[in-house]
Amino acid sequence: MRLRPDINIKSIYDISVFNLKACEIEAIFFDLDSTVMRSKSGIFEKETLEFLNLLKNHFKIAIISNNKNTEYIKKAQSQVNFPIMGNAKKPDIKVLLQVCKDFNVNPFNCAFVGDRPLTDILCAKRAGMLSILVDSISAADEKKIVRFVRYLERLSIKK
Ligand SMILES: [Mg+2]
């Protein structure tokens, strides 16, 4: 099934440097909202920043977001020293592949981590990257309808 992730984990904190190194991963791309930041919060939590900076010691890192709000992306960018690309139009992979070029990495040696099968996982698969699905970090505060849509989306990846 095209939308089934290669790896399904609870959160970014379950990412294993050792395992990804063993898969010859050189760069990790992350979705922004609900993957590394609570949706619409605009602020990274301290432990998330620490973890991303730890990963940055081992991999090239970038965030690829569909968020079109340039002020929001700028605010997020001001908190980290790796690229954050907004308005990426995932599952389109143009922006993602451009960052691969900038990083001088082959997409086959990259992983993409996100909370949504229809954008993040599809994007990873189209680009030939290892796809990693995480649970939404803001799931508990989300509106019921949003959670229901996510539930339906996840049903589509079950066998
Ligand atoms: Mg997301």
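The largest pocket holds about 550 Å³ of space; a pocket here is an open set of points on a 1 Å grid over the protein atoms alone, with protein on both sides within 12 Å along at least five of seven lines, probed at 1.4 Å, and lining residues have an atom within 4 Å of a point. Grid points are joined across faces, edges and corners, and the volume is the space filled by probe spheres set on them. This is a predicted model, with local features needing pLDDT of at least 70 and side-chain atom pairs pLDDT 80 or more, while totals for chains, interfaces and linings use all residues. Residues are numbered from 1 along each chain as its sequence is written, and side-chain values use heavy atoms, leaving out hydrogens and water.

Of the 21 lining residues, Asp33, Ser34, Ser39, Lys40 and Arg150 sit closest to the pocket centre. By class, the lining has 11 charged residues (Asp, Glu, Lys, Arg), 7 polar and 3 nonpolar (Ala, Val, Leu, Ile, Met, Phe, Trp, Tyr, Cys, Pro), with the others, Gly among them, counted as polar. Helix 6 gives the most, with 3 residues; helices are DSSP runs of H or I, at least four residues, and strands are runs of E, at least two, numbered from the N terminus.

On to the rings: the whole structure has 2 aromatic pairs, meaning ring centres within 6.5 Å (planes under 30 degrees apart are stacked, over 60 edge-to-face, the rest tilted; for Trp, the six-membered ring is used). Tyr13 and Phe51 lie 5.2 Å apart with planes at 65 degrees, so they are edge-to-face. Phe29 and Phe103 are stacked, at 6.0 Å and 15 degrees, and link strand 2 to helix 4 across 74 residues.
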